[in-house]
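Good morning, colleagues. I should like to take a few minutes to go through the side-chain contacts of one model. Please keep the structure on the screen while I speak.

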Amino acid sequence: GALIEAVAQIPGVARLRYTTSHPNEMDAALIAAHRDCAALMPFLHLPVQSGSDRILAAMNRKHDAARYRQIVRAVRAARPDIALSSDFIVGFPGESEADFEATMELIAEVNFASAFSFKYSPRPGTPGADMDGQIDEATKSARLHRLQALLEEQRQAFNAATVGKTCDVLFEKRGRHAGQIAGKSPWLQAVHVEGPASLIGSLAEVEIVAQGPNSLFGRLTGRNAEAEARAAAPAEGGAWR
């Protein structure tokens, strides 16, 4: 939390993000930073791996599902518009159907904007590779399919809820089509608009007008004339930024 506060004071820093965090590192100061630091974007990647305490203990994760839920509630109280992302592993040795369902219940309760999910793969030399109760590939694949379907439903719902909103987009590059530029919303969504390349590297206000499978589409608002002028102007000393 103190580091975020210090970095936010650096002139010219418009946006801050951090990754990857750990539930045990989400102390009161870090949660307060999400409330108090305007430059800290409303996006948090907070890996949980499983919703089953038994599997979390077997993974040696040092947190449990109740603690994870508590953190989520605290962060959302501090920053109601925050988007949550996480990591999940299915099919860890010994994972029962009840353990897997506990993960599905946690996902349904938390409602994630995005996530990374994988089947457990034994790595030589790790404790997990030598554990009893290795899960067969068919079961792991079936569980992963169910889990990813729920996560994708939540991701699409989150993106759909962004349509109609106005937000600042940090433009990073040219888009795939002529006259198009692409950037990121505060919630780390890819956004494409028709606009001048001079805005690349700058923040500009965008109205989100449509949702695609993996990105959003928007249009620049009337407030961007000043942003375009700043982006096109030479910086001090004559160097272009």
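Leaving aside its neighbours within four places in sequence, which residues is Thr-221 in contact with? Before I answer, a word on the source: this is a predicted model, in which local features need pLDDT of at least 70 and side-chain atom pairs count only at pLDDT 80 or more, while totals for chains, interfaces and linings use all residues. Residues are numbered from 1 along each chain as its sequence is written, and side-chain values use heavy atoms, with hydrogens and water left out.

To the answer. With those neighbours within four places in sequence set aside, Thr-221 is in contact with Thr-166, Glu-205, Val-206 and Glu-207, where contact means heavy atoms within 4.5 Å. Thr-221 sits in the loop between strand 8 (216-220) and helix 7 (225-232). Helices here are DSSP runs of H or I with at least four residues, strands are runs of E with at least two, and both are numbered from the N terminus. The side chains of Thr-221 and Glu-205 are joined by a polar contact of 2.6 Å. By polar contact I mean a pair of N or O atoms within 3.5 Å; within protein, one must be able to donate a hydrogen and the other to accept it, and residues adjacent in sequence count only if both atoms are side-chain atoms.

I turn now to charged pairs. Side chains of opposite charge can pair when their charged atoms come close. A salt bridge is taken as a side-chain nitrogen of Lys or Arg within 4 Å of a carboxyl oxygen of Asp or Glu, and by this rule there are twelve salt bridges. One of them joins Arg-54 and Asp-99, at 2.4 Å from N to O. This pair connects distant parts of the chain, with Arg-54 in helix 3 (residues 53-59) and Asp-99 in helix 5 (residues 97-110), 45 residues apart. Asp-99 counts as buried because its relative accessibility is 8%. The classes are as follows: buried is under 20% relative accessible area, exposed is over 50%, and partly exposed lies in between, with a 1.4 Å probe and protein chains only.

Glu-97 and Arg-143 form another salt bridge, at 3.1 Å from N to O. Glu-97 belongs to helix 5 and Arg-143 to helix 6 (residues 137-162), so this bridge ties together parts 46 residues apart in sequence. Glu-95, Glu-97 and Arg-143 are linked in a network of salt bridges.

Arg-219 is in strand 8 and Glu-207 in strand 7 (residues 203-211), twelve residues apart. Both count as partly exposed, Arg-219 at 46% relative accessibility and Glu-207 at 25%.

Next, helix 6 itself. Why does its length agree with expectation? The expected span is 1.5 Å times one less than the number of residues; the 26 residues should therefore span 38 Å, and the end C-alpha atoms are 37 Å apart, which agrees. Its buried residues include Lys-140, Arg-143, Leu-147, Gln-154 and Thr-162. The buried residues of helix 6 pack against strand 2, helix 5, strand 3, strand 7 and strand 8. At the start of the helix, a side-chain oxygen of Asp-136 comes within 3.2 Å of the backbone nitrogen of Ala-138. Just after the helix, Gly-164 adopts a positive phi of about 100°.

Ser-50 counts as buried because its relative accessible area is 0%. A polar atom of the Ser-50 side chain lies 3.1 Å from the backbone nitrogen of Ser-52. The side chains of Ser-50 and Thr-103 are joined by a polar contact of 3.3 Å. Leaving aside neighbours within four places in sequence, Ser-50 is in contact with Ile-55, Leu-56 and Thr-103. Thank you for your attention.
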